[in-house]
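Hi there,

Here is the structure I promised to pass on. Please open it alongside this note, and then read on for what turned up in it.

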Amino acid sequence: MKQVICSTVFPLLCILLLFLSVEAQTCSPSGKIKGKTPPPGQCNQENDSDCCKDGKWYTTYKCSPPVSSQTKATLTLNSFERDGDGGAPSECDNQYHSDDDPVVALSTGWYSNGKRCLKYINIHGNGKSVRAKIVDECDSTMGCDSDHDYQPPCPNNIVDGSKAVWKALGVPENDWGGMDIYWSDTD
């Protein structure tokens, strides 16, 4: 009888420990910031970008979900050009980038204090894939100020891609904006 219980309980205990280990790797919010109404004309809504709303609380993150060979993310649309909705020049090289180049910004945790700067990732979505250069951070820790074009903080699971990324994935232009994807490091 003892042997039956042990042979049944041990595998269940292993599964429970594995589940708890995976749960421990999740990314929890680090705080909240209170939105302010942007000054007139100061929030660029190109690509349907959101502007902060006065009094609304926005969740912030210092982390992102763990990176794997198929990291699940949400692809969003961003312009990296001067006067685009990305705001300032890219963090990695202090330059603007053409929307015709496959470039991305990663949420703060994945950006990893610039450790992924100017490296490439593979993005898989819509049955296709594209190789894109990381040029910027999609800030998950701050927002609703002039440095962030009066936009809310990024969620912690964002790959913010240029128009070239969306085109390479074959997504019809009227469907651009938000799409579930998988990505992986190439270097």
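In which loop does Asn94 lie? Asn94 is in the loop between strand 3 (71-77) and strand 4 (103-107); helices (H or I, at least four residues) and strands (E, at least two) are DSSP runs, numbered from the N terminus.

Before going further, a word on the source: residues are numbered from 1 along each chain as its sequence is written, and side-chain values use heavy atoms, with hydrogens and water left out. This is a predicted model, in which local features need pLDDT of at least 70, side-chain atom pairs count only at pLDDT 80 or more, and totals for chains, interfaces and linings use all residues.

**Confidence**

The average pLDDT (the predictor's confidence in each residue, from 0 to 100) is 85, and 81% of the residues score at least 70. Residues 9-24 have a pLDDT below 50, and this stretch has one contact in the model beyond near neighbours in sequence; contact means heavy atoms within 4.5 Å. Where pLDDT is low, the predicted coordinates should not be read in detail.

Most residues other than glycine have a negative phi. Asn94, which is not a glycine, has a positive phi of about 55°. Its relative accessibility is 56%, so Asn94 counts as exposed (buried is under 20% relative accessible area, exposed over 50%, partly exposed in between, with a 1.4 Å probe and protein chains only). Leu118 also has a positive phi, near 60°, and is found in the loop between helix 2 and strand 5 (120-125). With 39% relative accessibility, Leu118 counts as partly exposed.

**Aromatic rings**

There are two aromatic pairs in the structure. Rings of Phe, Tyr and Trp (its six-membered ring) pair if their centres lie within 6.5 Å; planes under 30 degrees apart count as stacked, over 60 as edge-to-face and the rest as tilted. Trp110 and Trp183 make an edge-to-face pair, at 5.3 Å centre to centre with 70° between the planes. Because Trp110 belongs to helix 2 (residues 108-111) and Trp183 to strand 8 (residues 178-185), this pair ties together parts that are 73 residues apart in sequence. Trp110 and Trp183 are both buried.

The other pair is Trp166 with Trp176: their ring centres are 6.4 Å apart and their planes at 40°, so this pair is tilted. Trp166 sits in helix 3 (residues 163-168) and Trp176 in the loop between helix 3 and strand 8. Both Trp166 and Trp176 are buried.

**The inside of the protein**

A nonpolar core here is a set of buried Ala, Val, Leu, Ile, Met, Phe, Trp, Tyr and Cys residues joined through side-chain atoms within 4.5 Å. The largest has 22 residues, of which Val104, Leu106, Ile123, Val159 and Trp183 touch the most other members. At least two of its residues come from each of strand 3, strand 4, helix 2, strand 5, strand 6, helix 3 and strand 8. Another core, of seven residues, lies apart from it and includes Phe80 and Cys154.

Asn156 is also buried, with a relative accessible area of 10%. Asn156 is in the loop between strand 6 (128-138) and strand 7 (158-161), and, leaving out residues up to four places away in sequence, touches Cys27, Tyr61 and Trp110, among others.

Ile33 is in strand 1 (residues 31-34).
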